[in-house]
Structures are given as C-alpha cells and as structure tokens.
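Student: Could we go through this protein together? I would like to know what stands behind each label.

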Amino acid sequence: MELSTVDLIVIGLFFLLMLLIGVWSYFRNTDSEDYFVAGGKLPWWLSGISHHVSGYSGAVFVAYAGLAYTHGFSVYIWWALTIGTTVMISAKVFPVFWVRLRKRFKIQSPLEFLETRYNLATQQLMAWSGVILKLFDIGAKWAAIAILLNVFTGISLAWGILISGGISLLYITFGGLWAVIITDFAQFIVQIIAGLVMFVVVVQKLGGLESVFTVWDQLPEGNSQAFNDPYTVGFALAFLFINFLSYNGGQWNLATRYISAPTERQASKAAWLSGALYLVWPLILFFPMWAAPVLLPDMEDPTQSYGILTMELLPIGLIGLVIASLFANTMSMTSSDINTISAVISRDILPALNKKFRKEATSLTTARITTFLFTLGTIVIALQFERFGGVLGLIISWFGALVGPIAIPMLFGLIPWFKSCGPKAAIGSILVGLLAFVITKNVELNSLALEVSLPVLSSAFTYILVGFLERDTVPDKVKQMLSDIAQE
C-alpha cells in the first residue's frame, strides 16, 4: 500500500498543525494550574469533546475493527453503549465531586486528595504504580503509531517513533493541558470528517442509504446480534462496571477533564456531551467495519479491514485524512495521559521526595521539565520495544488490570457511604485485585466475562469488606472532606 504525494502532504500538515497548537498554547500558561488544569477555565464543550476523544486510540481502527468484522454489532453494545450510559448516568455525581476537589482542596492531580483521604503511603503506592506502568503503556502506543506509519508510508519504526513521539513531546511540553485540549478538538474534527467520508463511500458502494438496514442480512450469522459469544450479556455487564470506574476518573486523564471545569454544572454538561457522542458517533464510525465482511470477504487478518477499505475505496487526499485521523486518536490518548501523569509526578511524587517541591510552590518550569523528561522516557522505551518482547505486553496487561483496582479506592473513596474505608481497605483492594488478575492469567476460567470482571469485583468486595470491619476508625479530616465534596 503506497500513499500518493498529496496524502503524504495531508499527513505532514496534520503534524505541523499539532506543533502550531503547542506554540499557541505556550502563551496561555502562566503557572502550573494553567498547565495542568487549564486554570479551571475549560469550557464544557471542549472538556466534553476532549473526554470523548481521549477514550479512542488506534486500537479502535485495528483491534476493534477486527472484532467488528468477526462479531459484528456486539462491539457497540459492550464498548460504546456501556461507556455512554455510565458517563451520562453519573454526570451529576463524579464530575461534580472532581470540580469541588479542585476548588476546595486546590488539587491539580487526580491523586492529590488521596493523602488526606487515606494516607501518604496509599497515595504513593497508587502514584508510583500508575506512573511506572504508564511509562511502558505510552511507549507501546508510540510503537503502535510507528507501525501504522511504516505500513502506510514505509518509514522505519525508529523514525516513526521519533516523528510521532517527538512532535507530541514538543507540543505537550510547550502548551500543557491547553495544547492537549485544543489538539483533541482538532483531532475530533479530523475524525468526524474522515469518518463521515468513509461512511458515505461505503454506503454508496453497498447500493445506497437503505444498505444501513439491509446489509445485516448479508453478514455472517450472529453479526447483527447485540450479544455474540464470547461477548455475552455477562461480558457487557462486566465492561459496564469497568467503564463506570474508568470514565469517571479511574483513568486519571479523564478525571482531569472534570477537574478543569470552571463549575459543577459545566462539568456535568461535559459528561453529558461525551456520553451522547459515545452513544451516537460509533454507529457511524463503525458501520464500514461492520460492512467489511461483505466488501472484503474471507479476510485472513480482519484487523487490517479498515486500513484496506481506506486504501481501496477512498480517493487521493482523503486517504491521507483518514490515516491522519488514526494517528490523531492515538496521539490524543497518549498526550492526554502524559499531561496527567506529569501532574501526578509534580504534585504527588516530587513533594514526597523533597520539600522544595511542595504542592503550593509547584512552578511552571518544574511542570514543563517533568513533562519533557517523562515523555522522553516513553520515547526511549518505545525505541527499545523489540527488546521487551512479551515483557512489554505483560506490563501493558498489568496496567489494564490496575485500572479497576486503583479506581475503586479513588472513586468509592469520594462517596460518603464508604467513609469507613481507610488505608487498609484501599491497599488491600489493590493487592487483592492484582492477585485476582494473576489467577485469571494462570487458571482456565472458561468465561471471558469472569476473566475480565474478577480483578475489579474482587477489589470492590475487599474494599467494602475491610471498610466495614474498621468502620469505627474514621478520622475527622476524612469526615470533613467527604462532607465538603458531597454537599453545597
């Protein structure tokens, strides 16, 4: 698959736009609050779009495209529908809590409140675990972008990593959260245009708009069903709970979108917008992937279906736009992660190591240096990804396993019902969740739903049980914190 000069120019212009946004955002930052939480002035519509876009990556157009090819409509049910539903249902709960934490406790990192809510040891365990594992996770995503660049353009993997990672390093370091948010918006526009073009071309190829309803009869049996084994009702319910935790703040970068909102109402509106987009937009975005078995029958590797459709159906210029959207989604997720992880390092880890980094005095220079060094570290990891082999995959899997167990003490810890759950409950829930993950990887469970849900359910059960057993030991400062964030 060779790209035309026009397509390469389109991709190049996309990368140039990212850099220009970084330079523009540089002048929006006067202190670390601007850098990490946009000064608490992020408009609800930008916050909602960024929250939505940050949930995508190249995996949607590769791995999920493969699942859409083999298992059809079920990918919408257990992925997009569960995210949209949980985000909208909780729009007046966790988004509101995150804004109040920023206003009343001056947090800039999603983990800052944990020292008061539990203790320093709990906060540091969660911070160090997330930062170290995210180092490898983001490195792997740079490698994934490089592989896409290599497939479409022939650029070597090393140069692909340096181009995508290097550009992101510059615009994130310059612009902070403002750069991330504005590039998210630009990437969203690119994704909308590319997705609509692909949708229209595929519909025309299938014979007209009625094919949106009739194509399902031509697909393999089960592809039109809401649940297609092993993606059963139980699997969807497991993902419903996992996504409830992840998209309300369990993924730290998504918590930042709410923390940065100026008011509780705007944070809620951002959640409603993001949730609505998840309910509607994937129906258009995924249609070409669902129709792929008709247009590209008997594929040996279904994960290549979206890429091949792009190359075969789209005219010159638009191919570059679609490919740019693939990079845009992954870069959006990585840059969002980097900004939040840098906040965790600057606001949670460094002050615990040295008093001169105390939170009140976190400088813009410290923020930028932390961002630069962490991003550079992810690029170094990416350049060495072949040496890690299966180990890199293992690390990424462990990060995925930590999302639920870490999210439990973070989010449940904000709810007054669980005020008796202290440090023992938090640390215990993380360790038991990890143990359950090890079990799922070494014991044949014969149920994908159980394999996915066991770590997070074990973590939740442990948190609640230990909290119940130590319910009489709630410090006054914890009672006061929960009262402050739960009430106006």
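Tutor: Happy to; here are some labels and the values behind them. This is a predicted model in which local features need pLDDT of at least 70, side-chain atom pairs count only at pLDDT 80 or more, and totals for chains, interfaces and linings use all residues. Residues are numbered from 1 along each chain as its sequence is written, and side-chain values use heavy atoms, with hydrogens and water left out.

Student: What makes up the secondary structure, and what counts as a helix?

Tutor: The protein has 22 helices and zero strands. Both are DSSP runs numbered from the N terminus: helices are H or I with at least four residues, strands are E with at least two.

Student: Why is Thr173 called buried?

Tutor: Buried means under 20% relative accessible area, exposed over 50%, and partly exposed in between, with a 1.4 Å probe and protein chains only. Thr173 has 12%, so it is buried. Thr173 is found in helix H9. Leaving aside residues up to four places away in sequence, Thr173 touches Tyr35, Ser168, Arg368, Thr371 and Phe372, where contact means heavy atoms within 4.5 Å.

Student: What makes a set of residues a nonpolar core, and which members touch the most others?

Tutor: Such a core is a set of buried Ala, Val, Leu, Ile, Met, Phe, Trp, Tyr and Cys residues joined through side-chain atoms within 4.5 Å. In the largest one, with 145 residues, Trp78, Trp79, Trp98 and Phe286 touch the most other members. Helix H9 (residues 157–206) gives the most to this core, with 20 residues.

Student: How do you know whether Phe286 is buried or exposed?

Tutor: Its relative accessible area is 2%, so Phe286 is buried. Phe286 sits in the loop between helix H13 (264–285) and helix H14 (287–295). Beyond residues up to four places away in sequence, Phe286 touches Val60, Tyr64, Ala68, Val75 and Trp79.

Student: Why is H15 said to be largely enclosed?

Tutor: Seven of the nine residues of helix H15 (residues 305–313) are buried, so the rest of the structure largely encloses it. Among them are Tyr306, Leu309 and Met311. H14 is mostly covered too, with seven of its nine residues buried. What covers the buried residues of H14 includes H9, H13 and H15.

Student: What makes the backbone at Lys106 and Asp298 worth a look?

Tutor: Most residues other than glycine have a negative phi, and most peptide bonds are trans. Lys106 has a positive phi, near 55 degrees, and phi of Asp298 is near 55 degrees as well. Lys106 has a relative accessible area of 58%, so it is exposed; Asp298, at 74%, is exposed too. Asp298 lies in the loop between H14 and H15.

Student: Which peptide bond is cis?

Tutor: The one joining Asp229 and Pro230, where omega is about 10 degrees. Pro230 is in the loop between H10 and helix H11 (233–250).
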